[in-house]
Each structure stands twice: as C-alpha cells, then as structure tokens.
Amino acid sequence: TLAEFGPLMRHSGEEYLLVLEGKVAVHTEFYAAELLEPGDGIYIDSTMAHAYLNAGDGPARAILTVCWA
C-alpha cells in the first residue's frame, strides 16, 4: 500500500517504466494514480515525487529506465 511505502521518492532525472507482467499502480504528487497493465508504459520527470506499487494479486515485473540529468 502507499501507506506501507512511506513518503514518495524523488530524484534528479527522468524515467520510463514498462510493465511486463501483472499490474502496477503509479502514484505521483501532481496526478491521479495510474494503473498500468502488461504492455503499458509511463514516462515521468523524476523530480516529481512518485512511487510504483504492485496492484495485482500476483507478482508484477517491469523494466525501469532512469536517465540522470
């Protein structure tokens, strides 16, 4: 849960997340949460506070690419 995750993280750079398996909820400080399923991706500015959480019944797998500025 978001409560278990704690404070949203932020850092310099940009990142792209591509979901391979399961469901991932993406929480950010400025936008409503997005639910991503296999094949879905999201691109964010990493200075915006964010968290990725497993939102399914089973495991979730994703590829995360971070570009540091």
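Which residues is S46 in contact with, leaving aside its neighbours within four places in sequence? Let's start there. The answer is R10, H11, S12, G13, E14 and E15. Before I go on, please keep in mind that this is a predicted model.

So, S46. You'll find S46 in the loop between β4 and β5, with β5 covering residues 50–54. Is S46 buried or exposed? Its relative accessibility is 0%, so S46 counts as buried.

Okay, on to the core. The largest nonpolar core has nine residues: L17, V19, V24, V26, L36, I42, I44, M48 and Y52. Which elements give two or more residues to this core? Those are β1 (14–21), β2 (24–28) and β4 (41–45). Not counting residues up to four places away in sequence, Y52 touches E15, L17, V24, A25, V26, I42, I44 and L64.

Now the salt bridges. How many does the structure hold? Two. In one of them, the side chains of E29 and R10 meet at 3.2 Å, N to O. E29 is in the loop between β2 and β3, while R10 is in the loop between α1 and β1, so this pair ties together parts that are 19 residues apart in sequence.

Let's turn to the surface. L2, F5 and M9 form a nonpolar patch there, and together they have about 230 Å² of accessible area. F5 sits in helix α1, residues 2–5, and is partly exposed, at a relative accessible area of 33%.

Last stop: A32, in the loop between β2 and β3, where β3 is residues 34–36. A32 is exposed, with a relative accessible area of 63%. How far is A32 from I44 in space, C-alpha to C-alpha? They are 13 Å apart, and 12 residues apart in sequence. I44, remember, is one of the core residues.

Notes:
Residues are numbered from 1 along each chain as its sequence is written. This is a predicted model: local features need pLDDT of at least 70, side-chain atom pairs count only at pLDDT 80 or more; totals for chains, interfaces and linings use all residues. Side-chain values use heavy atoms; hydrogens and water are left out. A nonpolar core is a set of buried Ala, Val, Leu, Ile, Met, Phe, Trp, Tyr and Cys residues joined through side-chain atoms within 4.5 Å. Buried means under 20% relative accessible area, exposed over 50%, partly exposed in between (1.4 Å probe, protein chains only). Helices (H or I, at least four residues) and strands (E, at least two) are DSSP runs, numbered from the N terminus. Contact means heavy atoms within 4.5 Å. Patches are made of residues with over 30% relative accessible area and no salt bridge: like charges are joined within 9 Å, nonpolar side chains (Val, Leu, Ile, Met, Phe, Trp, Tyr) within 5 Å. Accessible areas come from the Shrake-Rupley method with a 1.4 Å probe; for residues, only the protein chains shown count as cover. A salt bridge is a side-chain nitrogen of Lys or Arg within 4 Å of a carboxyl oxygen of Asp or Glu.
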